[in-house]
Amino acid sequence: MERNPAYEEWRRCRDWGETSIDVDSRSHERRQTRAESSRGRILCRCEAVTKGQILDAYDDIVKIGALPTLRGIKNRTRAGMGRCQGGFCSVKIVELLAEERGVEPLTLCWDKSTGWMFAGRAR
């Protein structure tokens with residue numbers, strides 16, 4: 001039996017007494033960097049999108065003169081594209097925009113073609 005020259009030693013598993021697996025450490029580092037930023041409270045846990053990234057995306061949409069929609073924010077930040085499909089973070093994003101940017105939730109659209117996000121207030 002000959003040793004494979006293309007074998008990468010660092011991929012060997014810890015259970016076999018060797019070095020640990022390096023599973024896309026760059027992705028993990030990017031998520032940690034985003035979480036540790038000054039406006040780093042994470043709103044979308046599935047995609048690790050922070051409060052600052054949401055506000056920056058909203059400001060960019062307003063800056064170009066487009067209609068700010070949740071889909072526009074989703075496309076710029078990936079918030080709502082994770083496992084829960086926005087089930088948890090969509091409401092948090094709407095609350096954040098209402099607090100920080102003074103957006104009235106009833107005037108917020110999901111998409112420019114589909115209409116309003118909410119039909120009315122529950123309480």
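**Exercise 1. Find which residues line the largest pocket of this predicted model, and sort them by class.**

Step 1: The lining is formed by Val 91, Val 94, Glu 95, Ala 98, Pro 105, Leu 106, Phe 118, Gly 120 and Arg 121. As a reminder, the model you are exploring is predicted.

Step 2: Sorted by class, this lining has six nonpolar, one polar and two charged residues. Gly counts as polar in this scheme.

Step 3: The volume of the largest pocket comes to about 150 Å³.

**Exercise 2. Describe how helix H2 packs against helix H4.**

Step 1: Start with the geometry: the axes of H2 (residues 51-63) and H4 (residues 89-101) come within 11 Å and cross at roughly 70°. Angles of 65 to 115 degrees count as roughly perpendicular, so H2 is roughly perpendicular to H4.

Step 2: For handedness, H2 passes H4 in a right-handed crossing.

Step 3: Now look at the side facing H4: H2 brings Lys 51, Ile 54, Leu 55, Tyr 58 and Asp 59, which meet Ile 93, Leu 96, Leu 97, Glu 100 and Arg 101 of H4. This contact has six nonpolar, no polar and four charged residues.

**Exercise 3. Work out how H2 is oriented towards helix H3, and what makes the contact.**

Step 1: H2 and H3 (residues 70-77) pack at about 120°, and their axes are 9 Å apart. That angle makes H2 oblique to H3.

Step 2: The crossing of H2 with H3 is right-handed.

Step 3: H2 contributes Gln 53, Ile 54, Ala 57, Tyr 58 and Ile 61, while H3 contributes Gly 72, Ile 73, Arg 76 and Thr 77. By class, these residues are five nonpolar, three polar and one charged.

Conventions
Residues are numbered from 1 along each chain as its sequence is written. This is a predicted model: local features need pLDDT of at least 70, side-chain atom pairs count only at pLDDT 80 or more; totals for chains, interfaces and linings use all residues. Side-chain values use heavy atoms; hydrogens and water are left out. Axes are lines fitted to C-alpha atoms, for helices over the stretch in contact, and angles run from 0 to 180 degrees between N-to-C directions. Helices (H or I, at least four residues) and strands (E, at least two) are DSSP runs, numbered from the N terminus. Angles under 35 degrees count as roughly parallel, over 145 as roughly antiparallel, 65 to 115 as roughly perpendicular and the rest as oblique. A crossing is left-handed if the near helix is turned anticlockwise from the far one by less than a right angle, and right-handed if clockwise. Contact means heavy atoms within 4.5 Å. On a 1 Å grid over the protein atoms alone, a cavity is a set of points where a 1.4 Å probe fits but cannot get out, and a pocket is an open set with protein on both sides within 12 Å along at least five of seven lines; lining residues have an atom within 4 Å of a point. Grid points are joined across faces, edges and corners, and a volume is the space filled by probe spheres set on the points.
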